[in-house]
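Here is a short walk through one protein model. Keep the 3D view open as you read.

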Amino acid sequence: MTDQLKRAINAAKTAQTNDQQAEATRIASSSAGEQKFDMSESSYKTSHTAVRKARRFAMQGLYEWLVTDRRFDKDGKLGWKDNAPHDIAARTRATNAMHTVHIGYYHEMMRDIPEQIEALDALISQHLDRDIDKLDTVEHAILLIGAYELQNRLEIPYKVVLDEAMKLNNHFGATDAHKLINAVLDKMATDLRDLEVQADIKANRRSSQKAAAAAAQPQPQTTDETKAVTNADDTSETPTTTGKPRISANKAIKRPRANKAQANISDYRASKKASAQGHNEAAAAPTPESTAADVGLQDSNLVNSDEKSKD
């Protein structure tokens with residue numbers, strides 16, 4: 001067997017293998033396009049993280065579709081269209097680990113957003129200060145996802161839609177693109193979710209009024225007596241069946257700590273002072289006996305003085 005024949009056989013095998021892979025991809029993509037997915041499907045990951053990852057993959061898939069088939073469709077180059085959204089979804093699932101992604105929601109966005117592209121672009125254009133063709137492709141894909149969720153996914157709060165759009169922009173978009181995305185989606189939420197936005201505004205107003213009223217209310221002045229009464233009230237507990245007060249672990253009972261040495265010194269000083277005062281009063285007050293003796297002594301002095309004068 002010559003080398004040329006060997007090369008021909010290898011080329012034929014390679015071509016057959018490529019044809020089989022292409023057929024398998026076509027069957028998988030066509031079956032994925034015919035399936036109907038539901039966000040409440042229990043066989044998929046339905047957590048918030050899984051839905052967030054589905055948005056990320058959908059944003060990348062929509063970006064690829066916008067720069068290929070969508071652009072060729074708008075430019076009239078229909079012969080170049082060979083990258084359908086379901087082909088992008090099938091290729092993404094074949095080349096990425098999607099076990100932590102909400103597959104149902106990912107396929108739903110990859111199917112519904114391209115089908116509703118005209119209506120969604122019309123909603124976005126109402127709040128843009130430029131032509132939608134002048135938008136960056138990443139910003140366009142993020143706005144498409146936000147507009148789709150605001151219009152079709154009413155179970156997702158509008159604040160969550162705006163927050164997720166900001167996260168997508170932080171991960172894929174430009175530095176200052178969040179200003180445009182936030183402004184457009186906020187105005188769109190006012191049009192599509194007016195009742196929800198008004199209810200949120202009223203709730204914020206009530207909370208702010210309560211906070212202002214609480215701040216304006218005068219606080220009672222706490223003196224030492226009120227503190228002592230408060231502490232006494234806190235330490236008083238409801239008696240239990242055993243008759244002992246129930247002591248809670250959250251309330252610490254403050255018991256007065258008496259300094260015995262200081263108390264003994266104070267009592268000793270008070271007793272000494274009292275005894276000294278009593279002794280002084282007793283010494284100062286004249287008794288009847290001392291008074292009579294003093295009078296006799298004074299009389300004897302007088303008599304002695306008279307006798308001396310006579311002599």
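Start with R153 and E155, whose side chains meet in a salt bridge, 2.9 Å from N to O. Keep in mind that this is a predicted model. R153 is buried, because its relative accessible area is 12%, and buried means under 20%.

Side chains of opposite charge can pair when their charged atoms come close. The structure holds 15 salt bridges. One of them joins K74 and D133, at 2.5 Å from N to O. This pair links distant parts of the chain, 59 residues apart. K74 sits in helix 2 (residues 48–75), while D133 lies in the loop between helix 5 (117–125) and helix 6. K74 is partly exposed, at 47% relative accessibility. D133 is also partly exposed, with a relative accessible area of 48%.

Now find K81 and D73. They form a salt bridge too, with the closest N and O atoms 3.9 Å apart. K81 counts as partly exposed at 36% relative accessibility, and D73 counts as partly exposed at 35%.

Some charged residues form a network. Salt bridges link R52, R55, E149 and E164.

How do helix 6 and helix 7 pack? Helix 6 (residues 137–152) and helix 7 (residues 158–172) meet at an angle of about 165 degrees, their axes 10 Å apart. Helix 6 is therefore roughly antiparallel to helix 7. Their crossing is right-handed. The contact residues divide into nine nonpolar, two polar and one charged.

Definitions and conventions: Residues are numbered from 1 along each chain as its sequence is written. This is a predicted model: local features need pLDDT of at least 70, side-chain atom pairs count only at pLDDT 80 or more; totals for chains, interfaces and linings use all residues. Side-chain values use heavy atoms; hydrogens and water are left out. Axes are lines fitted to C-alpha atoms, for helices over the stretch in contact, and angles run from 0 to 180 degrees between N-to-C directions. Helices (H or I, at least four residues) and strands (E, at least two) are DSSP runs, numbered from the N terminus. Angles under 35 degrees count as roughly parallel, over 145 as roughly antiparallel, 65 to 115 as roughly perpendicular and the rest as oblique. A crossing is left-handed if the near helix is turned anticlockwise from the far one by less than a right angle, and right-handed if clockwise. Ala, Val, Leu, Ile, Met, Phe, Trp, Tyr, Cys and Pro count as nonpolar, Asp, Glu, Lys and Arg as charged, and the others, Gly among them, as polar. A salt bridge is a side-chain nitrogen of Lys or Arg within 4 Å of a carboxyl oxygen of Asp or Glu. Buried means under 20% relative accessible area, exposed over 50%, partly exposed in between (1.4 Å probe, protein chains only).
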